[in-house]
Every structure is written in C-alpha cells, then in structure tokens.
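Colleague: I would like to learn how to read a model like this one. Can we go through it feature by feature?

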Amino acid sequence: MSTVNPVSTDTISCLIADDHEVVREGLRLALSRVPNLRVVGEAVDGESAVALVERRRPDIVIMDLRLGGIDGVEATRRIRFSNPRTRVLIFTGHAERNLLTRGRDAGCSGFLLKEAAHTTIVRAIERVAAGGEFIDPALATSLIASERDSLLTAREREILQLLADGMSNNEVAKKLFISQETVKSHVRHILAKLEADTRTQAVAIALREAIIE
C-alpha cells in the first residue's frame, strides 16, 4: 500500500473491462477524481477480466457487454461464480433487450449507458458496492419491456391477443389448429402468470401493460 496515498477502508476498488482504450482511459480519469473510488486494473477482453478479478479481487467490475473472446455476459457469469463478493456493473453503448436480460441472468447488479453523466456513474458504483442495484434511467424502459415480453410465451401472447379480439376458446382452437383443451391449458397458465381471476381481467392487464395490442 502506498504511504503517499493511503487507501481508506471505505474505498471502493473498481476494475474496468472494455476493449476500447479511449473508453477505459476516460472512465479511469473520471473515477480518479472521486476520493473513495480506486481503479485497480483494466482488462481488454473477457478472459483477462476474469483473470484480473481473481488476482485483484475488486469490489466492482465495470463490464462492457461486447468484448473479444468471451463476451461480457459470460465473463460476468464466471466472475460471479468464482468471486461472489465482486459485483458487476454492465457498461454498454446499446439498450439491446436480449443482451440486458442475459446480463441480469448472469448475475450483474446494474446497467449503465456509456454516455451516462459522471455523477450517474459514481452513483451507480456506490449503490452497487453497497449491495443495491442500479439501472440507468435511459435503459429502464428497455429492461421493463424485456421482462414484460418474457412473462408470457409467444403462444400465450398469441392466444391472449385472439381472446382480446373477441374469439371463444373454440374459435381460437380452430384458428391455431389446436384442441380446445390445449387452449384452456394455455388460458390457465396466462391467468396464473398475470395473477388474473378471469379472461377479461387478463386481457385488461395485458392491454394495460402493452403485452398485447
């Protein structure tokens, strides 16, 4: 430990994983201005991020999704498996639903857009380091939509849409070339997932949440 710059016990150690040097440099400089944040390493690809975490044991990894070798999602999964104390904050330039959902499934604790303001980045790091979660306000809509879309299967959404259009179970069955019992089974699953008591209530919820149109 340096005697010139002693590290406070409250210091949050960060590792930056991004394949663009200009991004790493800009982020490193931004974090260096914050007294309680310390960058302990930089990785240019997924494999080196995983390896560096093993050696440096940072509190937070600021992880790009699109990395060479293994991507940021797989790197996050490996880091969280081998070093559960280290938390991962996804740092992305794109609000892509499937990538964001995969990042959450891999165990990340937050999402930040690369264009986020300095104060937003610091707030995200501090919140995640404290055990919370952080979602960049600009990404919230994509994440909510992604979760909403994954609530029902494609077939369940299709059946619910037909019910909303006024079709009976028999009419839905004929249109989709399935049995009425299969339709009834799907309807039961739809009601359970949407926590609805009736088909009418399920349709109302789905319309309100934009699951169907």
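Colleague: Let us start with a helix. Which residues of helix α2 (residues 46-56) are buried?

Modeller: First, a caution: this is a predicted model. In α2, the buried residues are Gly-46, Ala-49, Val-50, Leu-52 and Val-53. Looking down the axis of α2, they fall within an arc of 165 degrees, so they line one face of the helix.

Colleague: What covers the buried residues of α2?

Modeller: The cover includes strands β1, β2 (37-43) and β3 (60-63), together with helix α3.

Colleague: And the ends of α2? Which residue caps the N-terminal end?

Modeller: Asp-45 does. One of its side-chain oxygens lies 3.3 Å from the backbone nitrogen of Glu-47. At the other end, α2 is followed by Arg-57, with a positive phi near 50 degrees.

Colleague: Now α3 (residues 72-82). Which of its residues are buried?

Modeller: Gly-72, Val-73, Ala-75, Thr-76 and Ile-79. Their arc around the axis is only 160 degrees, which puts them on the same side of α3. The N-terminal end of α3 has a cap as well: a side-chain oxygen of Asp-71 lies 3.2 Å from the backbone nitrogen of Val-73.

Colleague: Which residues of α9 are buried?

Modeller: Val-183, His-186, Val-187, Ile-190, Leu-191 and Leu-194. They cover an arc of only 140 degrees around the axis, which puts them on the same side of α9. The face away from the buried side carries the exposed residues Glu-181, Arg-188 and Ala-192.

Colleague: Where does Phe-177 lie?

Modeller: In the loop between α8 (169-176) and α9. Phe-177 is not a glycine either, yet its phi is positive, about 60 degrees. Its relative accessible area is 76%, so Phe-177 is exposed.

Colleague: Back to the loop between α9 and α10 (199-208), which also holds Ala-196. Is Ala-196 buried or exposed?

Modeller: The cut-off for buried is under 20% relative accessible area. Ala-196 has 10%, so it counts as buried. Leaving aside neighbours within four places in sequence, Ala-196 is in contact with Leu-191, Gln-201, Ala-202 and Ile-205.

Colleague: Now a strand residue. Where is Leu-89 found, and is it buried or exposed?

Modeller: Leu-89 is in strand β4 (residues 87-92). Its relative accessibility is 0%, so Leu-89 counts as buried. Look at its contacts beyond four places in sequence. Among them are Ile-60, Ile-62, Phe-111, Ala-124 and Val-128. Leu-89 and Ile-16 are 73 residues apart in sequence, but 9.8 Å apart in space, C-alpha to C-alpha.

Colleague: What does Thr-120 touch?

Modeller: Leu-112, Phe-134 and Asp-136, not counting residues up to four places away. Thr-120 is in helix α5 (residues 118-129). At 14% relative accessibility, Thr-120 counts as buried.

Colleague: Step back to the whole chain. How many helices and strands are there?

Modeller: Ten helices and six strands. The chain has 213 residues, and 43% of them count as buried. Of the contacts with a separation of 6 or more, 60% join residues 24 or more positions apart. The accessible surface is about 11,300 Å², with 51% belonging to carbon and sulfur atoms.

Colleague: Last point, confidence. Which element has the lowest mean pLDDT?

Modeller: Helix α6 (residues 137-151), at 65; strand β1 (residues 12-17) has the highest, at 97. The chain averages 86, and 88% of the residues score at least 70. Over residues 1-8, pLDDT stays under 50, and the model has two contacts beyond four places in sequence for them. Where pLDDT is low, the predicted coordinates should not be read in detail.

Definitions and conventions:
Residues are numbered from 1 along each chain as its sequence is written. This is a predicted model: local features need pLDDT of at least 70, side-chain atom pairs count only at pLDDT 80 or more; totals for chains, interfaces and linings use all residues. Side-chain values use heavy atoms; hydrogens and water are left out. Buried means under 20% relative accessible area, exposed over 50%, partly exposed in between (1.4 Å probe, protein chains only). Helices (H or I, at least four residues) and strands (E, at least two) are DSSP runs, numbered from the N terminus. The arc is that of the directions from the helix axis to the C-beta atoms. A polar contact is a pair of N or O atoms within 3.5 Å; within protein, one must be able to donate a hydrogen and the other to accept it, and residues adjacent in sequence count only if both atoms are side-chain atoms. Contact means heavy atoms within 4.5 Å. pLDDT is the predictor's confidence in each residue, from 0 to 100. Accessible areas come from the Shrake-Rupley method with a 1.4 Å probe; for residues, only the protein chains shown count as cover.
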